[in-house]
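The tour goes one selection at a time.

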Amino acid sequence: MELYGYYRSTSSYRVRIVLALKGLAYEAIPVNLLKNEQKDAAYLRVNPQARVPALLDQAQEVIIQSPAIIEYLEERYPATPLLPKDLFERAKIRGMAALIACDVHPLHNISVLNYLRQNYQCKEDNITAWINEWMSQGLAAVEQLIGESGFCFGEISVADAYLIPQLYAAHRFNVPLDAYPKILRVEALANAHPAFIAAHPKNQADSPE
């Protein structure tokens, strides 16, 4: 498999976590968003939306959008399940993942922030306040949804693959996390887990960190 991504992209990061948790080998193909490589003709043939990540599977089929990629990997490689068998529990995990992927992450996406800067002349203080507001709202909800011990829902699941990259973004944008002890518990567990360590942005070949 080939994974097109960017080391700091939270959506690429969540796919890397799932690949690592399932023990799947892949070739990482960096797409530098700061250099607008996602708009190069060669990459547009892979993903016409000009976004990362994109996964090229063994059959040379391209899958875009991290939720679709993660669902594909869960169904294609069920030996290491990241969703429980119980339908209600599966729905709870998917709901939390969607909260992050649909309601939090898009509002601090670089394209959104640049649009605010370029079209509404937002100053950096305004951008920081914008990020803080929406990320804090989302994390406050996550804090109420996750369990009292272990990872988000006890055993490692898809939910953790979504939460940990969001926390990376929170640290990057200096969003306070002290009000979320359960989230910080999950982060501490992930920080000591080999799969999460391997998927971390600082451990990617295209990372300048």
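Contact here means heavy atoms within 4.5 Å. This is a predicted model, so local features need pLDDT of at least 70 and side-chain atom pairs count only at pLDDT 80 or more, while totals for chains, interfaces and linings use all residues. Residues are numbered from 1 along each chain as its sequence is written, and side-chain values use heavy atoms, with hydrogens and water left out.

**Stop 1: Ala169**

Select Ala169, in helix H7. Helices (H or I, at least four residues) and strands (E, at least two) are DSSP runs, numbered from the N terminus. Leave aside neighbours within four places in sequence, and Ala169 is in contact with Thr10, His108 and Met135. Is Ala169 buried or exposed? Ala169 counts as buried, at 2% relative accessibility. The cut-offs are under 20% relative accessible area for buried, over 50% for exposed, and partly exposed in between (1.4 Å probe, protein chains only). Now draw a distance from Ala169 to Ile131: the C-alpha atoms are separated by 9.9 Å, and the two residues are 38 apart along the chain.

**Stop 2: helix H1**

Colour H1 by accessibility: 11 of its 12 residues are buried. Among them are Tyr13, Arg14, Arg16 and Leu21. What covers them? The cover includes strand S1 (2-5) and helices H3 (66-76), H4 (87-104), H7 (158-172) and H9 (194-199). Step past the end of H1 to Gly23, whose phi is positive, near 70°.

**Stop 3: the strands on either side**

Select S1 and strand S2 (residues 27-30), which pair in the parallel sense over 4 bridges. Strands count as paired if DSSP finds at least two bridges between them. Show Tyr4 and its bridge partner in S2, Ile29. The chain crosses from S1 through H1 to S2, a right-handed β-α-β crossover. To check the hand, point the strands away from you: right-handed means that the path from the first strand over the helix to the second runs clockwise.

**Stop 4: the largest pocket**

The largest pocket has a volume of about 810 Å³. Of its 34 lining residues, the closest to the centre are Leu33, Arg51, Asn109, Ile110 and Ser111. H1, H3, H4, helix H5 (110-120) and H7 each give two or more residues to the lining. H5 has the largest share, 4 residues. A pocket is an open set of points on a 1 Å grid over the protein atoms alone, where a 1.4 Å probe fits, with protein on both sides within 12 Å along at least five of seven lines; lining residues have an atom within 4 Å of a point. The volume is the space filled by probe spheres set on the points, which are joined across faces, edges and corners.

**Stop 5: backbone details**

Select Val52 and Pro53: the peptide bond between them is cis, with omega near 5°. Pro53 lies in the loop between helix H2 (41-46) and strand S3 (54-56).

Go to Asn36, in the loop between S2 and H2. Asn36 is not a glycine, yet has a positive phi of about 60°. Asn36 is partly exposed, at 38% relative accessible area.

Finish at Asn174, in the loop between H7 and helix H8 (181-191). Phi of Asn174 is also positive, near 60°. Asn174 counts as exposed, at 65% relative accessibility.
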